[in-house]
Amino acid sequence: MTAASRQDRDRHPDGPRTTPAGTHRLPLPVVLAGARGHGRWHLDNIRRLQDKGVVRLAGVCEPAPLTEEELGGRRVEQSADLGALLDATGAAVAVICTPIPTHTDLALTAARRGVHLLLEKPPAPSYAEFRRMADGVAAARVACQIGFQSLGSHAVPAIRRLIAEGAVGRVTGIGGAGAWARDEAYFRRAPWAGRRRLDGVDVVDGVLTNPLAHAVATALALDGSTRAEDVTGVRTELLRANAIESDDTSCVRVTTTGGRITVAATLCAERPGEPYVLVHGTGGRITFWYKQDRVLVQRSGHGPEETGYGRTDLLENLAGHVTGGAELLVPPESTGAFMKVVEAIRQAPDPVALPPDAWETPPGEHRRVVPGVDGFVAAAADTLALYSELGAPWALPKEVSTR
């Protein structure tokens, strides 16, 4: 039993104070765990929803308290102990945006108190930890939303309808591409950044499992393969140009019960661009720039059709579920397939370091660039081939298979 578990038992000897979804009233009191770094986005979003009367910021959990300036002049309860803070505030929802290895224990700390959850992606660093979290949340009878914001896009069901209607013929595969740039400071932002494990604990902070995880999760969603049992095989090619432990330039091929998916990504792009997912069909293709909620349909006998879509915020959706029974957009079980990919990456051999002549540092910049990588990322999404199959000079000589 962990220290957190013992504290929970001592504070709640008769079990959790579970509250069924649909019985709360707005605004919901929310505690944010992890309010710096990416957590600032959640803090701003909570403020936005607070202005709409959906939620109320009741507390912030950080090792070092936020300043009055960071809180926008507002005063809220603060503590480094999430359990104590939830008890003190009577929070109905906890938003957890903390280091990846802490997700499961903090989620269960909240669940045991009957507190509903918005848990940042990736939900866990391993499939075993994911199952421990998901099973614990289910046993506590609380709602849990996983923070894949792209899956709140109205484009996702729209594309699924297009596929079902045969708009691009029979789907032959789905590609994903993400060419981003991150400077050296990005990998020093926290002790766990760029690590596969830390102090013997899994982290798995790679390009496909964290910064560009949405490309993988969105491709799986468009394929209709979201549950763990939908994944039948995974092949990985994990590489790194930066002096880190995890991967920054990688690709993965996922075989599902419905088809095949190839996603390629890098944090060492020459010219960073918008990530996208590409549906290949016998009669056309659909491109989805998931951060922009923008869709381009190209098909035989028609001109190109581009459409912009709206998006449902995941915290607002969770609030609607808790207060009115709205269907959750991203419950844990719908990320099981993604976690199978995370597990394959976790179990794969450590990423291969690219030779010094495969990358360069642009003048005046503090980041590493892999010349030509942008083209290989796009080609992988376009052809569903891995880097090695495309002939990338720095690619692995053969695929690494994890099943």
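Here's a quick tour of some salt bridges in this structure. Keep in mind that you're looking at a predicted model.

**A link across the sequence**
- Let's start with Arg48 and Asp313, which form a salt bridge with their closest N and O atoms 3.7 Å apart.
- Arg48 sits in helix 2 (residues 39-51), while Asp313 is in the loop between strand 16 (305-308) and helix 8 (314-324), so this pair ties together parts that are 265 residues apart in sequence.
- Arg48 is partly exposed, at 36% relative accessibility.
- Asp313 is buried, because its relative accessible area is 10% and the cut-off for buried is under 20%.

**Arg188 and Glu184**
- These two side chains also meet in a salt bridge, at 3.9 Å from N to O.
- Arg188 is exposed, with 61% relative accessible area.
- Glu184, on the other hand, comes out as partly exposed at 30%.

**Arg367 and Glu365**
- Here the N to O distance is 2.6 Å, and again the two side chains form a salt bridge.
- Arg367 counts as buried, with a relative accessibility of 10%.

Terms used: Residues are numbered from 1 along each chain as its sequence is written. This is a predicted model: local features need pLDDT of at least 70, side-chain atom pairs count only at pLDDT 80 or more; totals for chains, interfaces and linings use all residues. Side-chain values use heavy atoms; hydrogens and water are left out. A salt bridge is a side-chain nitrogen of Lys or Arg within 4 Å of a carboxyl oxygen of Asp or Glu. Helices (H or I, at least four residues) and strands (E, at least two) are DSSP runs, numbered from the N terminus. Buried means under 20% relative accessible area, exposed over 50%, partly exposed in between (1.4 Å probe, protein chains only).
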